[in-house]
Amino acid sequence: MNRDSFAAGERLVSPAYVRQGCEARRSHEHLVRLLLEKGKCPEDGWDESTLELFLHELAILDSNNFLGNCGVGEREGRVASGLVARRHYRFIHGIGRSGDISAVQPKAAGSSLLNKITNSLVLDIIKLAGVHTVANCFVVPMATGMSLTLCFLTLRHKRPKAKYIIWPRIDQKSCFKSMITAGFEPVVIENLLEGDELRTDLKAVEAKVQELGPDYILCIHSTTSCFAPRVPDRLEELAVICANYGIPHIVNNAYGVQSSKCMHLIQQGARVGRIDAFVQSLDKNFMVPVGGAIIAGFNESFIQEISKMYPGRASASPSLDVLITLLSLGSNGYKKLLKERKEMFSYLSNQLKKLSEAHSERLLQTPHNPISLAVTLKTLDEHHDKAVTQLGSMLFTRQVSGARAVPLGSVQTVSGYTFHGFMSHADSYPCAYLNAAAAIGMKTQDVDLFIKRLDKCLKAVRKEQLQENDVSGIDNCDKTKDVETAEVAFKPDNVLLDM
């Protein structure tokens with residue numbers, strides 16, 4: 001209500017009570033005014049009543065919510081289901097216009113304002129997370145893979161001769177397919193094994209640049225967040241190569257916002273060399289539903305070019321989700337989550353180390369990976385992938401999600417390209433292993449329950465192996481015999497107890 005409404009209310013209710021209510025409303029409005037003036041994430045999170053008041057005020061600025069609105073076009077914000085309308089807080093028009101996802105819609109001032117505020121808050125959080133010199137960013141309603149494709153398509157117009165993308169190998173399908181979908185030929189650079197870690201082969205990257213010719217290379221497509229034992233690419237050195245040869249550099253920073261180390265690599269890469277854009281997922285970094293990403297960079301005009309490449313309007317749902325989340329958390333709440341994630345990484349690392357030693361395994365030493373960990377599975381029959389994959393399936397059926405059991409020698413074809421040792425980021429990694437990650441939002445009880453279930457599953461798989469060996473007459477202590485083992489059906493009832 002405005003001042004006139006409050007004044008009218010004083011004729012019905014005690015003026016003192018109305019003034020008290022008016023002051024309470026002003027406190028909500030003060031938070032909204034500060035948000036619009038500063039364009040930064042508030043330090044302390046908002047309560048739900050302030051959030052809902054704010055969203056309602058924005059929504060009534062859209063034409064579909066005007067009283068007496070007469071829409072005679074093909075896109076008038078009509079929604080058949082009231083449940084759908086409420087789910088979207090009556091933001092129906094989406095964001096952007098046909099020529100630019102960041103443009104303001106005449107019919108939807110509220111949705112446009114929501115979009116601008118969200119992009120401003122996300123930019124503030126990226127700076128808070130460690131990339132202090134980022135110039136611009138925007139939320140796009142596509143996951144990371146398609147957002148990378150949008151970046152590559154934007155570069156196409158700048159580099160008409162280019163047909164290749166140089167890509168230090170990471171065994172994750174969407175980032176690989178993003179290059180294929182954009183119409184380019186990925187040039188896969190195998191990683192170097194340094195201790196337990198798989199690291200960027202810088203000499204091979206530079207040699208391939210010289211072999212193909214800089215004009216024929218669209219960009220180098222590097223990665224920060226990844227599954228151990230692969231670790232983040234050597235971004236600083238790659239950025240220098242890109243600067244020296246005049247080649248664009250696109251970084252897949254899928255879940256790197258939650259890691260100060262990943263964000264520091266991006267900041268340093270931009271400082272010493274060239275990084276054109278870096279792309280990160282909304283769901284992995286901000287705990288919202290899947291379907292959105294952030295495209296950010298250090299050259300404001302290039303990021304604007306990418307936003308103009310997006311054809312048509314776009315869904316406002318990812319922007320709305322992350323806006324609500326950031327306003328609920330505040331910058332202090334988000335920083336607390338980042339701090340807790342680091343603590344969970346240390347805790348998970350310690351617990352996995354203890355468990356692995358108890359099972360005569362070891363935690364792989366991957367100090368350059370700040371999120372993911374890996375434990376060897378050497379004591380399983382790793383040269384036959386049955387035991388390794390069985391461990392993975394047992395964990396999944398016991399409601400452990402996200403853990404990856406990686407056997408030796410898997411072969412997979414993706415978009416016509418064949419990868420040997422798929423999922424291990426190398427043709428022949430020395431051992432099979434199990435992955436686990438400490439991502440934002442993880443709690444101590446998650447780690448404890450995972451360790452308990454992993455312990456039981458490891459024991460169950462080994463028991464199964466012993467039973468198979470007994471049936472086939474193999475001496476369990478003699479690992480040199482090349483005898484075909486008998487197949488024994490897996491009986492889940494033996495290992496389901498107390499899981």
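**Cysteines and a proline**

Modeller: C219 is buried, its relative accessible area being 0%. Buried here stands for under 20% relative accessible area, exposed for over 50%, and partly exposed for what falls in between, with a 1.4 Å probe and protein chains only. The model is predicted, so local features need pLDDT of at least 70 and side-chain atom pairs count only at pLDDT 80 or more, while totals for chains, interfaces and linings use all residues. Numbering starts from 1 along each chain as its sequence is written, and side-chain values use heavy atoms, leaving out hydrogens and water.

As for pairing, a disulfide is taken as two cysteine sulfur atoms within 2.5 Å. The count by this rule is 0 disulfides. For C151, which is in no disulfide, the nearest cysteine sulfur belongs to C219, 8.9 Å away. C219 is likewise in no disulfide, and its nearest cysteine sulfur is that of C242, at 8.0 Å. C151 counts as buried because its relative accessibility is 0%.

P186 sits in strand β3, residues 185–189, where strands are DSSP runs of E with at least two residues, numbered from the N terminus. P186 counts as buried because its relative accessible area is 4%. With neighbours within four places in sequence set aside, P186 is in contact with I165, F176, M179, I180 and Y417, contact being heavy atoms within 4.5 Å. R398 lies 212 residues from P186 in sequence and 38 Å from P186 in space, C-alpha to C-alpha.

Conventions. Helices (H or I, at least four residues) and strands (E, at least two) are DSSP runs, numbered from the N terminus.
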